[in-house]
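Here are my notes, point by point, for when you have the model open. Have a look at the aromatic residues and the helix packing as you go.

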Amino acid sequence: MLKFFQFIYTIWALLVFHVFMIILFPVFIIPSLISKKGSKLSFKAIRLWSFLFSFFNRIIYKVEGKGHFKKGQNYVIISNHTSFLDTPAIPQAIDAPFKALAKKELTKIPIFGIIIKTITEVVDRSNPRSRQKSKDRLNEVLENENSILVFPEGTMNRTDKPLQGFYDGAFRIAIDAQAPILPVVIKGAAKLMKPSSFLMKPGTVNVKVLEPIITEGMNQKDLPYLKAKIVEVMQAELLK
């Protein structure tokens, strides 16, 4: 019986997800296509969609540490990844436009996939040329436009460990641009929607923006140290 009600709730949640996405679709897409400044309006629409999804589904994102994000500063934002419910968390935690690195597989989701193609940098991880092209584009965005968001684990964590191994890409970009890294830790999303299932349930997801890690003065030789340091602080927060 519990599974039945969870199934009905999931249908409702997916309906809310897509209805508001369709309604806001023009604002997601058109401003960003017209000009770079249009990304601010597109982001406001994405943030509104996140709050509407949260409100109507009673999935509450409790955010701490917003003050660690300083407007006017571009960051490499990195987050752990355990559930599809992580996606609405970031626009609620970060109140400024950012460009996300997205997996090619997400473009196959109806409607959502079109938006992904427009507002993110899509990468095919199996293609070295695609990875390099995305890295170059994200470097350009970081230096001239907005912050960028990367899930450094590369895929959702289906293990019993707090974090999977991190790819180097986000750290290389941060060092190249001498940009601070802003770690974001998300807890509780996998309890509401497991990475291996589309069934959801209402509840609270805790999101914490940690203190930024400065990369100024570092070079690529410092990458292992930088990555280890960020893994340490994020893992410590996840284990609290």
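1. Start with Phe53: its relative accessibility is 2%, so it counts as buried (buried is under 20% relative accessible area, exposed over 50%, partly exposed in between, with a 1.4 Å probe and protein chains only). Phe17, at 16% relative accessibility, counts as buried too. Bear in mind that this is a predicted model, where local features need pLDDT of at least 70, side-chain atom pairs count only at pLDDT 80 or more, and totals for chains, interfaces and linings use all residues. Residues are numbered from 1 along each chain as its sequence is written, and side-chain values use heavy atoms, with hydrogens and water left out.

2. A search of the whole structure turns up 10 aromatic pairs. Rings of Phe, Tyr and Trp (its six-membered ring) pair if their centres lie within 6.5 Å; planes under 30 degrees apart are stacked, over 60 edge-to-face, and the rest tilted. Phe17 and Phe53 make an edge-to-face pair, 6.0 Å centre to centre with 85 degrees between the planes. Phe17 sits in helix α1 (residues 2-34) and Phe53 in helix α2 (residues 39-57), so the pair ties together parts 36 residues apart in sequence. Helices (H or I, at least four residues) and strands (E, at least two) are DSSP runs, numbered from the N terminus. Ring pairs also bring in Trp49, giving a cluster of Phe17, Trp49 and Phe53.

3. Now Glu237, which is in helix α8 (residues 223-238). Glu237 is buried, at 9% relative accessible area. Its side chain makes a polar contact of 3.2 Å with that of Lys240 (N or O atoms within 3.5 Å, where within protein one must be able to donate a hydrogen and the other to accept it, and residues adjacent in sequence count only if both atoms are side-chain atoms). Leaving aside neighbours within four places in sequence, Glu237 is in contact (heavy atoms within 4.5 Å) with Val185, Lys187, Lys208 and Leu210.

4. Last, helix α6 (residues 169-177) against α8: the axes come within 10 Å and cross at roughly 115 degrees. Axes are lines fitted to C-alpha atoms, for helices over the stretch in contact, with angles from 0 to 180 degrees between N-to-C directions. The contact is made by Phe171, Arg172 and Ile175 of α6 and by Leu223, Leu226, Lys227 and Ile230 of α8.
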